[in-house]
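This report covers selected features of a predicted model. The sequence and structure are shown first.

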Amino acid sequence: MNTGNLLFIGIMVGLVIFGFFDFLGFDPTYGGIIGAVIIGALIGTTIGKGSEKYAFFSIFAYNLIAWILTFLFTSDGKLMLQYGGIAIPVVIGVLLIMVFFYSIIGSFGAFVASNLNRNKQDEEL
Amino acid sequence: MIKNKIGIGAIFAALLLVSIAFVPAVSAQPEIASADESDMIVDINGQVTPKSVVGELGENICDGLIAALWTLDEVINDDRIGQAQDLLSKGANAFRNNNISRGMDYLDLALSTIWDILYDWGSQIASWLYNELVDLLNEAEDFINQYS
């Protein structure tokens, strides 16, 4: 499959998972980690070897898009964004660090999934 | 090929189940027990609003800063750390009750207090870190001398 298509699919599935956890009222930390692992496994099984960087970019992109949408289109997000002062840079910094960690976790997921996939295929040969 | 997918699916189903099993253990806090049973919050106008991702994010930030201040309290001796922690726990409470602007007020106040603390104690924190590092290196040297 085309890699660009796969990145797009990863981002879309990630947004759906994010929205689902948001709807369920899940803690965003756990929701983010579980979503990252799912997307990493999806991309790792599809691309195979060398899928870590695609998983990283895909998870980073979907988390950023989801948080930007949350901040721009929900009333709570708008309230928080309107607030000036030094609290906003802290919030955004913490958010970026969290997204970075989710991406690392997801790329580990992709690494494990691609390795499992490859080893099983080797056994069959 | 189908075997592959079943195996990987089983592993990730197990991962999901295990992580779900840990959620109540990790998120069990005394505040939550006294808070609302459902995820709905009734504000002063009697309107029901669902808990939002943004509120949870703010709550997590406040809790993380409280933990960081608790670590700082081991190093330096300042009353303002307790004040900042009070402000942060009030902020976390406001975020938990979906009161974003009040939570941001408290977070802002707490951050300016933390900024004052760091401004006053910055040099001492640096020297404390330096001393810890030197102690560590001395211990390592002793260890090497003892066993080499």
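## Helix α5 of chain B

In this predicted model, the buried residues of α5(B) are B:Ile100, B:Gly103, B:Met104, B:Leu107, B:Asp108, B:Ala110, B:Leu111, B:Thr113, B:Ile114, B:Ile117, B:Trp121 and B:Ile125.

One of these buried residues, B:Trp121, is also the site of a bend of about 65° in α5(B). Helix α5 of chain B spans residues 100-147, which is 48 residues. Its end C-alpha atoms are only 58 Å apart, whereas a straight helix would reach 70 Å at 1.5 Å a residue.

## Chain B overall

Chain B contains five helices and two strands. Read from the N terminus, the order of its elements is α-α-β-β-α-α-α.

Of the 148 residues in chain B, 29% are buried. The accessible surface of chain B is about 9700 Å², and carbon and sulfur atoms contribute 61% of that surface. Among contacts in chain B with a separation of 6 or more, 58% are between residues 24 or more positions apart.

## A:Ser107

In chain A, A:Ser107 lies in helix α5, residues 87-124. A:Ser107 has a relative accessible area of 13%, and therefore counts as buried, the cut-off being under 20%.

The side chain of A:Ser107 comes to 2.8 Å from the backbone oxygen of A:Ile104. Leaving aside residues up to four places away in sequence, A:Ser107 touches A:Glu52, A:Ala55 and A:Phe56.

How values were computed
Residues are numbered from 1 along each chain as its sequence is written. Chains are lettered from A and ligands numbered from 1 in the order in which they are written. This is a predicted model: local features need pLDDT of at least 70, side-chain atom pairs count only at pLDDT 80 or more; totals for chains, interfaces and linings use all residues. Side-chain values use heavy atoms; hydrogens and water are left out. Helices (H or I, at least four residues) and strands (E, at least two) are DSSP runs, numbered from the N terminus. Buried means under 20% relative accessible area, exposed over 50%, partly exposed in between (1.4 Å probe, protein chains only). A polar contact is a pair of N or O atoms within 3.5 Å; within protein, one must be able to donate a hydrogen and the other to accept it, and residues adjacent in sequence count only if both atoms are side-chain atoms. Contact means heavy atoms within 4.5 Å. Accessible areas come from the Shrake-Rupley method with a 1.4 Å probe; for residues, only the protein chains shown count as cover. The expected span of a helix is 1.5 Å times one less than its number of residues. The bend at a residue is the angle between axes fitted to the seven residues ending there and the seven starting there.
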